[in-house]
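Hi,

Here's the model I said I'd pass along.

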Amino acid sequence: MELQLRRALYSWAFNKKAWQCEPTEEWLHALDWMKRNSLPVSALAEADVLRRALDAMCRKLDGKAAAAKTARRKRAAFNEALNTAVEKGYFAENPLNGLRWKAPAVNEEVDPAAVPNPAQVLRLLESVARQRGRGPHLEAFFGCMYFAAMRPAEVIHLRIDQCHLPKTGWGMLNLSGGVVTSGKEWTDDGEVHEVHSLKRRAASATRPIPIPPQFVRMLRVHVKRFNVAPDGRLFRNQAGNYVDAAAYGITWARAREHALTRTERTSRLAKRPYDLRHAGISFWLYSGVDPAECARRRAGQSIEVLFRHYAKFLDGLREQANRLIEQSMNEWQRVSQGDAPEG
């Protein structure tokens with residue numbers, strides 16, 4: 001019954017494109033059951049009902065606690081639904097306003113144990129390149145996540161006209177959006193994928209990312225070997241379509257199996273391709289790049305988000321900065337005592 005309810009809600013009740021057709025008999029029974037067993041919207045004006053709803057959002061279907069980020073995302077969606085209810089006249093104001101309820105604590109810091117160091121990254125990329133089939137094609141794909149700290153959706157969307165790849169020196173990638181898998185039932189044109197603007201940026205916004213010479217060479221070799229898709233995309237599957245997350249996930253899992261030691265494999269190290277982005281950003285910080293430059297320009301996030309996510313890595317920078325400040329203070333103390341400053 002639970003599965004039928006989920007399918008009826010997801011595939012018909014919540015999908016206005018599906019309203020053009022009548023629901024199946026099975027879904028009609030599920031929707032009728034849902035109608036008979038649901039509370040009226042007006043019940044959400046009661047604080048106890050709201051708290052039960054919020055508590056339920058903190059649980060998975062099996063009753064276990066959901067991830068804190070998942071609970072927070074569901075609460076945000078619930079809040080928007082209640083705002084719509086206010087607009088429709090069901091409430092004078094959002095019932096969540098002023099409700100005393102404590103959301104689960106969210107640990108947004110990147111786990112250093114999951115972030116590979118540069119030597120481990122190179123081992124992983126070499127392992128990708130040695131795989132048969134799609135492996136060589138995906139070496140530069142994963143390289144984008146590390147050397148340019150790109151999100152997977154941005155890598156999938158990357159086109160040759162966004163790339164400045166000189167024969168020598170640093171290059172530049174000028175990102176303009178990302179590709180997400182929405183499902184053909186939810187897109188306006190019936191396609192499985194949608195192209196979105198850069199995360200938290202205007203539709204026409206771009207983000208230029210300088211890339212080091214060794215990665216420029218990797219991309220030049222990739223383009224020479226594999227060419228590009230008809231629309232200019234650097235990465236595609238065998239049919240010429242968008243690279244699928246499940247496919248590159250399999251390639252990454254195989255790379256971990258062959259490139260990492262047994263101890264590294266059993267740890268959280270580089271469990272997900274997305275850990276390459278964390279590795280790239282943390283390496284920039286370790287190298288002394290200004291956090292504001294890392295955040296807004298290169299990583300495409302706010303400085304506040306950077307400080308929340310990379311607090312442990314920034315701690316190391318603070319220690320380094322403290323040493324430099326202390327060294328300068330000691331030098332000027334010697335000056336005040338009549339000695340010439342060093343350097």
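**The pockets**

Helix 1 gives seven residues to the lining of the largest pocket, the largest share of any element. Helices here are DSSP runs of H or I with at least four residues (strands would be E runs of at least two), numbered from the N terminus. One caution before going on: this is a predicted model, with local features needing pLDDT of at least 70 and side-chain atom pairs counted only at pLDDT 80 or more, while totals for chains, interfaces and linings use all residues. Residues are numbered from 1 along each chain as its sequence is written, and side-chain values use heavy atoms, leaving out hydrogens and water.

Back to that pocket. Its volume is about 2,000 Å³. A pocket, on a 1 Å grid over the protein atoms alone, is an open set of points where a 1.4 Å probe fits, with protein on both sides within 12 Å along at least five of seven lines; a cavity is a set the probe cannot get out of, and lining residues have an atom within 4 Å of a point. Points are joined across faces, edges and corners, and the volume is the space filled by probe spheres set on them.

Which residues sit closest to the centre of the largest pocket? Out of 36 lining residues, they are L9, F14, M34, S38 and F78. The elements contributing two or more residues are helix 1 (2-13), helix 2 (25-37), helix 3 (47-57) and helix 4 (68-87). By type, the lining has 24 nonpolar, three polar and nine charged residues (nonpolar is Ala, Val, Leu, Ile, Met, Phe, Trp, Tyr, Cys and Pro; charged is Asp, Glu, Lys and Arg; the others, Gly among them, are polar).

The second largest pocket holds about 760 Å³ of space. Its lining is made of 25 residues, with K69, E108, Y274, H278 and H309 nearest the centre. Helix 4, helix 11 (275-286) and helix 13 (303-309) each give two or more residues to this lining, and helix 11 has the largest share, with four.

**Helix 6 and its partners**

How do helix 5 and helix 6 pack? Helix 5 (residues 118-130) meets helix 6 (residues 135-147) at an angle of about 155°, and their axes are 7 Å apart. Axes are lines fitted to C-alpha atoms, for helices over the stretch in contact, and angles between N-to-C directions run from 0 to 180 degrees. The two helices therefore count as roughly antiparallel; the cut-offs are under 35 degrees for roughly parallel, over 145 for roughly antiparallel, 65 to 115 for roughly perpendicular, and oblique for the rest. Helix 5 brings P118, V121, L125, V128 and A129 to the contact, while helix 6 brings G135, P136, L138, E139, F142, G143, Y146 and F147. Contact means heavy atoms within 4.5 Å. Ten of these residues are nonpolar, two polar and one charged.

Helix 6 also packs with helix 9, at an angle of about 90° with the axes 11 Å apart, so the pair is roughly perpendicular. From helix 6, G135, L138, F141, F142 and M145 meet Y248, T251 and W252 of helix 9. That contact has six nonpolar residues, two polar and no charged.

H137 belongs to helix 6 too, and its relative accessible area of 9% makes it buried (buried is under 20%, exposed over 50%, partly exposed in between, with a 1.4 Å probe and protein chains only). Beyond its neighbours within four places in sequence, H137 contacts H222, F226, L234, F235 and R236.

**A few single residues**

A71 is in helix 4 and buried, at 4% relative accessibility. Apart from neighbours within four places in sequence, A71 touches M57, C58 and P104. A53, in helix 3, is partly exposed at 22%.

Two backbone points are worth a glance. Most residues other than glycine have a negative phi. N227, in the loop between helix 8 (213-226) and helix 9 (245-259), has a positive phi near 60°. A270 is not a glycine either, yet its phi is about 50°; this residue lies in the loop between helix 10 (262-266) and helix 11 and is buried, at 1% relative accessibility.

Cheers
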